[in-house]
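Q: I'm new to this one and would like to go through it slowly. Could you show it to me first, and then explain the terms as we meet them?
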Amino acid sequence: MNSLNLEKRRDLEDFQDLVSDWLWETDHRKIIVFSNGRLESTLRHPAESFVGQNIVDLIEGLAIDAGFEDECSIARFQDHLNNGKAFSMSPVGIESADRSSALLHLVGKPVIAPNGTVTGYRGIGRFSEDDTGHVEEATKLKTLMMAVNNTPNGIIITDEKGIIRYANPGFTDITGYSRAESVGKTPKILSSGHTSNSSYADFWNTIKQGKSWQGTVYNKRKNGEFFWCQETVTPVVQRSGKISNYIAIQQDVTHEVVAQQKLRESQERFKGFTEAASDWYWETDGELKFSYISETACEYAGMDLTDMLGMTRAELVTEASDLEFWKDHLEDLENKRPFKDFTYTFVRKDGQHRRWQISGKPFFNDEGRFLGYRGVGKDITLSTELEAQLQQSQKMEVVGHLTGGIAHDFNNLLGIIMGNAELLKEELEDIGSMGNERLENVIYAAKRGSSITNQLLVFARKQALKPEIIHLQDEIEQMKDILKSSVGSGIDLKITADKKLWRCYTDPDQFVNSVLNLCINARDAMDGQGRLTLSLKNCRLEEKDLLDVPAGDYVALDVQDEGNGIPKD
């Protein structure tokens, strides 16, 4: 160094002694290469002891609190250094040697070589007293930062453009991104690709208006795993009304969302089962009012779900005469006892009678308080009718067996009477016309009795079908007596037939049995009073007239009565 430069150097050092600000310089690596010692003396450190340190690490370590504002200020400071830009850093709180609080405000500009490259930075650090109680505030902020760093929730702070300036450890635990990997980027690093553009637009529109936004989003961790995150984003609004930052609090709610989804799936599955099942499900509250009824029950009842909900079981007693029958069941409900297969008749509003069977069990909370009943029910109308028909069929089978036995025995007796009457007629040739007439009456009566027993055997299904060519009119004339006795004296029986009635190929006994059944039904329809007409006529059927009946020539039997007939419904 020549004498001129040495003299300038001494003058500069003398000038530095007169400056109260901290003068500093760094190289391109941000390492301090010059310090005038003002910062060291303020903090009672040896002169130039900060030379050789990274200026960003130094300032970050000297900050009393690593509060939100200081974190953002230091992050911006580092960003300017990295990009070779001049800066004016917001004051950072530091603690002086006498334990008092001071604010350090840094201003710097890049040192640019002739070739245009940045070789380092030169700047000034100005001290000012913190007369706003910075130490006390710093303590509060430090406590707050401890809470933020220890919370399991993720917390990030972005600038007004959405660039992350701070991320707590909870954010790293949830997302897998470290603080270094997050700062300088946007929250889009968490995008799963499943959020629509309209949702993003709604989000930004809300927070830019200075309003908080809450929602649950489907995000992606660093390792590619998807997760559900409940977020609250709050803008930091300055006194001027300008938004400086956004604070986002995130909570991993994957387990809760998955549990809710499984619950909904379970509910939908149960609903599907209840709708597909022939049985129905029901539930009452503690006041025995229906709180749930499956759709099947509403269909059987012919009522809307809204009408049935809120009803009590007692309100389903549709006929006053059933109250006594319901007494024991209602007592079970009042005494909170379980019940099984309670069967009753429900009369719909359209007059239709349905036979229902229900079972139920009371349920209670953990403290033993009665909460209501849960149970099942089913409509047994059809099965009840089928059971009644089966019982009737079984009765008729018994009657058939009995009838067949009686008919056989009676036929044997009639055979003896007929045989002896004919022998007696041959032996007594001279008994006169009166005697012959009486014997003829005995023989005729015995034959008619035998005909009746044959018809009873047909009813009892004791004879095999033997179709033959017959005149239906003759068959009806022969059974006229049994028809009259079957329908009763209150029925006026009339038989008509075409003059040239065709003959038919059929089983006579089967035909007789069918006619007898039709006439008995007609008698029941007329309550035993009225006219019953049997008409026989020739007819020709085409293929389209009746299903499963070949086209051809037939004899039609028409049975008409004066009864009320089958109701239209």
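A: Let me begin with a term: two strands pair if DSSP finds at least two bridges between them. Helices (H or I, at least four residues) and strands (E, at least two) are DSSP runs, numbered from the N terminus. This is a predicted model, in which local features need pLDDT of at least 70 and side-chain atom pairs count only at pLDDT 80 or more, while totals for chains, interfaces and linings use all residues. Residues are numbered from 1 along each chain as its sequence is written, and side-chain values use heavy atoms, with hydrogens and water left out.

Q: Okay, how many helices and strands are there in the protein chain?
A: The protein chain has 17 helices and 21 strands. Of its 569 residues, 34% count as buried, where buried means under 20% relative accessible area, exposed means over 50%, and partly exposed is in between (1.4 Å probe, protein chains only).

Q: Which strand does β7 run antiparallel to?
A: β7 is joined by three bridges to strand β8, residues 164–167, and the two run antiparallel. Within that pairing, Ile157 has Tyr166 in β8 as its bridge partner. The hairpin of β7 and β8 has four residues between the strands, and Gly162 there takes a positive phi near 90 degrees.

Q: And Thr158, is that buried or exposed?
A: Thr158, which is found in strand β7 (residues 154–159), counts as buried because its relative accessibility is 5%. Leaving aside residues up to four places away in sequence, Thr158 touches Ile163, Ile164, Arg165, Ser244, Asn245 and Tyr246; contact here means heavy atoms within 4.5 Å.

Q: Switching topic, what's the strand order in the open sheet of five strands?
A: The order is β13-β12-β16-β15-β14, with antiparallel pairing. Its edge strands, each pairing on one side only, are β13 (290–293) and β14 (339–347). On average, neighbouring strands of this sheet are turned by 25 degrees against each other, direction ignored.

Q: How many bridges are there between β14 and β15?
A: Seven bridges connect β14 with strand β15, residues 353–364, in the antiparallel sense. Phe339 stands opposite Gly360 in β15.

Q: Which helix lies across β14, β15 and β16?
A: That is helix α12 (residues 323–334), which runs at about 130 degrees to β14. For such values, axes are lines fitted to C-alpha atoms, for helices over the stretch in contact, and angles run from 0 to 180 degrees between N-to-C directions.

Q: What about α16 and α17, at what angle do they pack?
A: Helix α16 (residues 480–487) and helix α17 (residues 508–525) pack at about 30 degrees, with their axes 9 Å apart. That makes α16 roughly parallel to α17, since angles under 35 degrees count as roughly parallel, over 145 as roughly antiparallel, 65 to 115 as roughly perpendicular and the rest as oblique. Leu483, Ser486 and Val487 of α16 make the contact with Val515, Leu516, Cys519, Ile520 and Arg523 of α17.

Q: Last one: what does Thr496 touch?
A: Not counting residues up to four places away in sequence, Thr496 touches Leu534, Ser535 and Leu536. Its side chain makes a polar contact with the side chain of Ser535 at 3.1 Å; a polar contact is a pair of N or O atoms within 3.5 Å, and within protein one must be able to donate a hydrogen and the other to accept it, while residues adjacent in sequence count only if both atoms are side-chain atoms. Thr496 lies in strand β18 (residues 491–497) and is partly exposed, with a relative accessible area of 30%.
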